[in-house]
Amino acid sequence: MKKIPVILDGDPGHDDAISYVIARANPLIDIKLLCSVNGNQTIDKTTINTLKIANLLDINCPISKGAIRPLIAPIMPAGNWHGESGLDGYDLNIGDKKLTDKPAYKMMYEVLYNSQEKVTIISTGPLTNVAILLKTYPEIKNKIKMIAIMGGGIIHGNWTPASEYNILVDPEAAKIVFDSGIKINAAVLDATEKAIIKPSDFPRIEQVNNKVSQVVLAWLKFFYKHPMEIGYEGAPIHDPLALLSITNPEILKIQKMHIDIDLDGKYTRGMFVYDRRHSSKLKPNADIVLDIDRDKFVDLLINALHYYDGRK
Ligand code: BDR
Ligand code: CA
């Protein structure tokens, strides 16, 4: 079957990392480029984490360091969720993985420009790199098949009552992306907070028992603690839903909507303002992932982990 060429752009981050685990295990996904971005931790930390994950998963593509900070806003690391390293729970090494000389937005441009077919960008962190790409090389839009993101919330936020973390960190970047006219899939909190891995799922992961499943279990055993303290039933694994919006829409509920992003609100900066009016004249600009079948998500993760059986 025909492969889907993708650029993975994220701020790993436990759920970014699990998203990469699922992507690497999918024979239909052809990872052309990995980019780090400032977000869950500083850019130096998310970049090291990206190199470590690439080494663990044997992802052999260029790896580029992304934006050091959001376009306008100050950085906003999420150490309370992802720990001091941004990926606490298992001590990995980078092996022989190296960074490209060029920064993420330039490498994105090169990969897109040189590709025979259109490429999908999957973004699981703040959209800073993608916004810089679109502003620096507007003509490259024609080579982007679509941008699938994890970001935003329809009925609520997580970092503020109104706003989700990835959008709140760099709302100006998100606005550039949503206003670009490129096809967008957005996995929002309404769905991603249902993609929970509970402690009662851990024995199934333990049974897989290969190197990658052991690392994923160790990540989860770190990552579930903070959300459970604040009332979640386990660890919300937000980021893979951006990928699944392309590969597994059958386990999701997806609806077209028009989304604006608030930049100025005292209480609502970074909020998704969505239009569900019957009288709306606004054209939908995104396919919003609103729900997921959690049981099928857990099965999908377990299947993906088995891909790594028999590897060192
Ligand atoms: C998003 O914020 C980050 O902490 C996660 O990695 C995810 O991308 C969820 O709001
Ligand atoms: Ca992320």
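An oxygen atom of ligand 1 sits 3.1 Å from an N or O atom in the side chain of H82, a polar contact (a pair of N or O atoms within 3.5 Å). This is a predicted model, where local features need pLDDT of at least 70, side-chain atom pairs count only at pLDDT 80 or more, and totals for chains, interfaces and linings use all residues. Residues are numbered from 1 along each chain as its sequence is written, chains are lettered from A and ligands numbered from 1 in the order written, and side-chain values use heavy atoms, without hydrogens and water.

**Contacts of ligand 1**

- For the side chain of N158, the distance from an N or O atom to an oxygen atom of ligand 1 is 2.8 Å.
- For the side chain of E164, that distance is 2.4 Å.
- Ligand 1 taken alone exposes 280 Å², and the protein buries 96% of that (Shrake-Rupley method, 1.4 Å probe).

**Around ligand 1**

- Residues around it (a heavy atom within 4 Å) include D15, D16, N40, H82 and T124.
- Helices α1 (14–25) and α6 (165–169) each give two or more residues to this shell; helices are DSSP runs of H or I with at least four residues, and strands are runs of E with at least two.

**The calcium ion (ligand 2)**

- Its protein donors come from D11, D16, T124 and D239, lying 2.2 to 2.6 Å from the ion; donors are N, O and S atoms within 2.8 Å of a metal, or 3.2 Å for Na, K and Ca.
- D16 lies in helix α1 and T124 in the loop between β4 (119–123) and α5 (128–136), so the pair ties together parts 108 residues apart in sequence.

Note on methods
A polar contact is a pair of N or O atoms within 3.5 Å; within protein, one must be able to donate a hydrogen and the other to accept it, and residues adjacent in sequence count only if both atoms are side-chain atoms.
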